[in-house]
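These are my notebook entries on a structure that I had not examined before. I set down what I looked up, entry by entry.

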Amino acid sequence: MKIFRNIVLTFLLGLSYTLSAQDISLFQQFNGRYDYTAIGNTMNNSENGSAGSCTIQTESSANLNLDSGQNIIAAYLYWAGSDTGDFDVTLNGIDVTAERTFSDALGSERVFFAAFADVTAIILDQGNATYTLSNLDLTDIIEPYCPTGTNFAGWAITIIYEDVSLPLNQVNVYDGLQSVPDFLTITLNDLNVLDNDNAKIGFIAWEGDSSLAVNEQLTINGNVISNFPLNPANNAFNGTNSFTGDADLYNMDIDVYDIQNLINIGDSSATISLTSGQDFVMINNIITVLNSQLPDATIEIDNFTVNCDNNNIELFYTVRNLNSTDILPANTPIAFYIDGVFIGASATLNAIAINGSESNSVILNLEEDTNPNISLVAIVDDVGTMDGIVTEINENNNSTFANIELLVIPEIITLPELLGCNEGFEISTYNLFNAVETLDYNEEDITFYESLDDLETELNSILIPSGYTNTFNLETIYVRLASPPCYEIFQFNLITENCPPEIPQGFSPNNDTLNDWFNIQGLYDIFIEHDLQIYNRYGVLIFEGNNSKPWYGNINRGINGNGNRVPVGTYYYILNLNDSNYEPFVGWVYVNY
């Protein structure tokens, strides 16, 4: 895609602005029967220089030819050029946009860019083919770079592939953008050298010139590396592709070197050094391929179970051996920590195959005074002292964590009691929902229990709360109200009392055996200590009775207290049950014959 030169290289105050490079660092790692190759091409028509051509192409092509047993795992596209960047290009007719970008500069006037995109899907789809990168258009901005010989553009694709005939290798992909002159040192970390047979290192570099070889030297761990005659020791970056043997990649390099005797078993890093007295070279990508047969243990917390008022946690976890080149042995230790304090251990049960996994669980017992909000850390290959016993590809990916809230039993809130009555003073039927009518709840979120243990275990709930018959007097009912992430607990008492007596409005003491006496239902033999007083309409006491002396309309007080019956009329009564739960009942009763 065509771009225009629009970078401003000076601030308004006249201060010089220089783009800074990005250090080469590990981008991706592959462990298995893997190796890599690379293709690409330049956009330059000839090597740049003051006498060279100042024209530049917008597309170029290269061929990919993998063997039938080489299966593509990943493919990464890098492209670069003069100026601030064209980050939208096309690969075999498919638009590609940069996912990451890099920049570098020579002073304030000469700036350079590089870009990256994952094109695995395209390469998997098209396989062995001719690949054309197009729309990398620097034609409008290239001219100012020509006089100093820094006009260039190009592209490369690194392809990681699997081949079952290969040994188990570790392939490390590093990238960034760093440059010389005069001296450049790059440290490659995360290596794991178990066997240096067929060890190799490859580079994608930009702007190297075959005609400039002033004090130019490439070393690894202090040892000069070369690939004569394509890459002589004094001119490593000279426009070549070591994979294809091409020597016309003007101002870009795709080089690979044998380092079998230049790196030692046990090394975990390597130092790359490049010196150049004149040639400006930018290194964009470095790939190492080393024999490696090691597991790589990781752990994930899948789930956990906590119970109310219980400091035990049942933890479900999975140990994986992904991106590895050897089995993870059985009995690999697993340790668990809270706030850096070891709280429990487990171990793998079986050997875990390459790219395999094993799931298990463990019950961890926490101290009683543990904070209910915890961050639990699980570490695989840890004996409980944060030390491991298994040598791994990556020793820094063994841990994971989960935030867990313990379910502390909430404080019990007491609700007003429910009163019921029954003749016999023991049992009654209650609508338990009446006890919680002041609460804000959905009926499906509330459950009633006869014991606190049943509430905590959510067993034996009361099935019909609207019609519950108590089992004994002064029974306590417990209520569980769902309130995520925990719940609320309430309690109330059921109190059964004698039902209040039912007092008739009248009777007819005429000896016809029908309604012959002041028959107060629920009084006799229940409220046996009661007193009954009857007054006439003048307020004169005419009768006193009790549990053994009901009123048949006769007079037993006053001058007429000879047992005569009262005349037809209305009489005032006072019924004192002598029960602390009831006030005296008063009213009028009509007597007729």
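Entry 1, burial. I take buried to mean under 20% relative accessible area, exposed to mean over 50%, and partly exposed to mean in between, with a 1.4 Å probe and protein chains only. On that basis, buried residues make up 48% of the 593 residues in the protein. The model is predicted: local features need pLDDT of at least 70, side-chain atom pairs count only at pLDDT 80 or more, and totals for chains, interfaces and linings use all residues. Residues are numbered from 1 along each chain as its sequence is written, and side-chain values use heavy atoms, with hydrogens and water left out.

I looked up the radius of gyration, taken over C-alpha atoms, and found 47 Å for the protein, whereas a compact globule of 593 residues would have one near 25 Å. The globule rule is 2.2 Å times the number of residues to the power 0.38. Along the principal axes, the C-alpha atoms fill a box of roughly 150 × 60 × 45 Å. The protein exposes about 27700 Å², of which carbon and sulfur atoms supply 47%; the areas come from the Shrake-Rupley method with a 1.4 Å probe.

I found two helices and 35 strands in the protein. Both are DSSP runs numbered from the N terminus, helices being H or I with at least four residues and strands E with at least two.

I noted an open sheet of five strands in the order 2-10-4-8-7, with antiparallel pairing; two strands pair if DSSP finds at least two bridges between them. Strand 2 (34–42) and strand 7 (100–106) stand at the edges with a single partner strand each, so one side of each has no neighbour in the sheet. Within the sheet, strand 4 (residues 71–82) and strand 8 (residues 110–118) pair in the antiparallel sense over seven bridges. I located G81 opposite F113 in strand 8.

Five strands form an open sheet in the order 31-35-34-32-33, and the pairing is mixed. Its edges are strand 31 (506–507) and strand 33 (541–546), each with a single partner strand, so one side of each is left without a neighbour in the sheet. Strand 31 pairs with strand 35 (residues 585–591) in the parallel sense over two bridges, and F507 stands opposite V591 in strand 35.

Is Q178 buried or exposed? I found Q178 in strand 11 (residues 169–188), buried, with a relative accessible area of 10%. A polar atom of the Q178 side chain lies 2.7 Å from the backbone nitrogen of I24.

Definitions and conventions
A polar contact is a pair of N or O atoms within 3.5 Å; within protein, one must be able to donate a hydrogen and the other to accept it, and residues adjacent in sequence count only if both atoms are side-chain atoms.
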